[in-house]
Amino acid sequence: MHDDGPLRIAVVGAGPAGVYASDILLRQLQQHGEERGLGAAARIDLFEKLPVPFGLVRYGVAPDHPSIKFIAGALQKTLDNPNIHLYADVEFGKDLTLDDLRQRYDAVLFATGATEDRVLDIPGHQLDGVHGAAGFVEWYDGYPTAVDEWPLEAQDVAVIGGGNVAMDVARILMRRPDDLLSTDIPDNVYEGLQKNSARDLHLFIRRGPAQAKFSVQELREMEKLPGVQLIIEEDDFELDDETLQRASEDKLTRQMLEELYTIREMAEDMEDDGNTDFAGDPADRRYHIHFFSSPTEILGADGKVTAIRVERTEVDAQGHLAGTGENIDYPVQAVYHAIGYRPAQVPGIPYDQNRFTLANVGGRVFTAPESEGGERIPGLYATGWAKRGPVGLIGSTKSDALETVGNILDDLAASEEHGRLAEDRSETSIDDLLESRGVRPITFEGWRKIDAYERSSGAASGREHIKVIDPEEMRRIALG
């Protein structure tokens with residue numbers, strides 16, 4: 001143990017990126033900290049603006065994704081480490097400043113994620129009935145600041161996007177509400193989905209089956225939607241030999257393409273059997289999958305969506321996209337776009353507008369993008385989507401954190417003070433500061449109370465878990 005005590009690290013954001021990075025940092029110190037002159041331990045304080053931790057796992061994954069949701073259990077085990085301290089309901093830039101953290105911590109790591117949609121830049125994007133995926137995901141996942149009700153009057157719906165978020169949005173719009181009662185879906189969402197009028201859903205993907213970004217799991221969940229007939233366009237699967245060869249070279253792409261061909265066969269069987277669902281039962285909803293389809297305009301009347309105009313595209317074996325000039329109009333009353341998230345800007349931290357990330361190289365924060373002559377800011381780091389942009393699955397966040405943590409420890413080990421860079425090393429300093437400002441953090445114990453309450457509420461209704469969505473109720477449960 002150093003005379004100045006363990007290293008002190010602040011992490012802003014308690015989603016998967018922040019929690020994984022905290023776990024990796026502690027493990028690396030335990031294994032190599034002594035030999036590098038850093039000591040074998042650190043105190044890590046996780047600051048989260050929401051009243052609860054786990055970010056994307058709790059609020060960005062569809063409720064019918066239990067196989068991904070179990071990650072929350074692993075994250076919870078990490079937080080149950082005496083060297084990690086959760087400060088939820090504490091907002092950086094409002095309750096705490098950068099100076100506050102730099103004074104008290106040897107390094108500050110931003111793992112702030114993303115909550116905003118990228119802009120859908122086509123004519124008609126401002127019409128009533130056009131929705132970004134982020135708002136809809138927040139609603140069905142019970143995000144604390146989400147709207148209470150969602151407009152679901154449209155019978156014909158378009159979803160734009162070729163990734164997993166688009167698939168989640170489409171699947172929730174096609175699901176029967178009762179099929180979600182085994183999940184942690186909030187009561188207001190269940191009641192809202194009972195009024196869902198969607199009967200025909202069109203998923204538009206700009207490129208072809210070989211370039212889609214779906215996970216195989218998403219495709220398998222698409223296949224087994226009760227009461228839903230899948231409809232595909234045969235021509236979309238006429239791929240040339242070079243495209244198929246390229247797709248086969250990557251294992252995940254090959255598996256995804258094989259699953260898409262399975263879906264094509266299923267769709268043919270559903271039609272041949274008289275428009276049925278996967279189980280052979282009559283279908284009352286239809287899910288149309290359109291590849292090589294690039295929306296170019298949303299049409300409207302009286303300020304409301306009436307149709308979407310889509311241009312057919314061509315894609316070569318390298319994935320290069322070109323329009324064909326052939327346009328098709330589809331009558332719809334609502335359009336959802338899932339074309340990517342925009343990671344949040346952080347007060348006082350330089351942002352790279354081209355990459356949609358904090359300005360950084362390898363997780364080290366810079367004064368501006370390196371291409372614009374930015375220079376490194378000592379002691380500030382980024383991981384997760386704040387570092388690399390909104391790409392990759394939750395699991396890829398681990399490998400991402402390894403690089404950033406390695407750079408943090410390299411920088412601390414290279415310092416003359418053996419990494420003890422913060423002036424104020426008092427164990428109670430951050431608690432005293434927050435108390436002086438009237439800020440009452442929700443700790444890990446507070447989170448456990450919320451989790452126990454949600455589980456007991458679910459048990460009372462014959463369900464495993466029902467989310468609390470009101471922030472004030474969360475505070476009342478956690479703080480007593």
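Predicted model: local features only at pLDDT ≥ 70, side-chain atom pairs only at ≥ 80, totals over all residues.
**Aromatic pairs**

Rings of Phe, Tyr and Trp are paired here if their centres lie within 6.5 Å. By this rule the model holds 14 aromatic pairs. One of them joins Y59 and Y143: the ring centres are 5.2 Å apart and the planes stand at 75 degrees, so the pair is edge-to-face. The two residues belong to distant parts of the chain, 84 residues apart. Y59 is in helix 2 (residues 55–59), while Y143 is in the loop between helix 6 (133–140) and strand 7 (156–160). Y59 has a relative accessibility of 6% and counts as buried. Y143 is buried too, with a relative accessible area of 10%.

Another edge-to-face pair is formed by F237 and Y261, with 5.2 Å from centre to centre and 65 degrees between the planes. Here the pair links parts of the chain that are 24 residues apart. F237 lies in the loop between strand 9 (228–232) and helix 10 (241–248), and Y261 lies in helix 11 (residues 251–272). F237 is buried at a relative accessible area of 4%. Y261 has a relative accessibility of 21%; buried means under 20%, so Y261 counts as partly exposed.

The geometry of the two pairs is set out below.

| Pair | Centre to centre | Angle between planes |
|---|---|---|
| Y59 and Y143 | 5.2 Å | 75 degrees |
| F237 and Y261 | 5.2 Å | 65 degrees |

Elsewhere, one aromatic cluster is made up of F136, W139, Y140, W150 and Y336.

**Charge over a ring**

R8 lies over the face of Y105, at 5.2 Å from the ring centre.

**The sheet and its helix**

An open sheet is built from seven strands in the order 3-2-1-4-20-19-18, with mixed pairing. The edges are strand 3 (84–88) and strand 18 (360–361). Each of these has a single partner strand, so one side of each is left without a neighbour in the sheet. Within the sheet, strand 1 (residues 7–12) pairs with strand 4 (residues 107–110) in the parallel sense, over four bridges. V12 stands opposite F110 in strand 4.

Helix 13 (residues 396–414) packs on this sheet. The strands touched by helix 13 are strand 1, strand 4, strand 19 (364–366) and strand 20 (376–382). The direction of helix 13 makes about 145 degrees with that of strand 20.

Key. Residues numbered from 1 in each chain as written. Heavy atoms only, no water. Phe/Tyr/Trp six-rings, centres within 6.5 Å; stacked < 30°, edge-to-face > 60°. Buried < 20%, exposed > 50% of the residue type's maximum accessible area, 1.4 Å probe, protein only. Lys NZ or Arg CZ within 6 Å of the ring centre and 35° of its normal. Pairing = 2+ DSSP bridges. Contact = heavy atoms within 4.5 Å. Axes fitted to C-alpha atoms, helices over the stretch in contact; angles between N-to-C directions.
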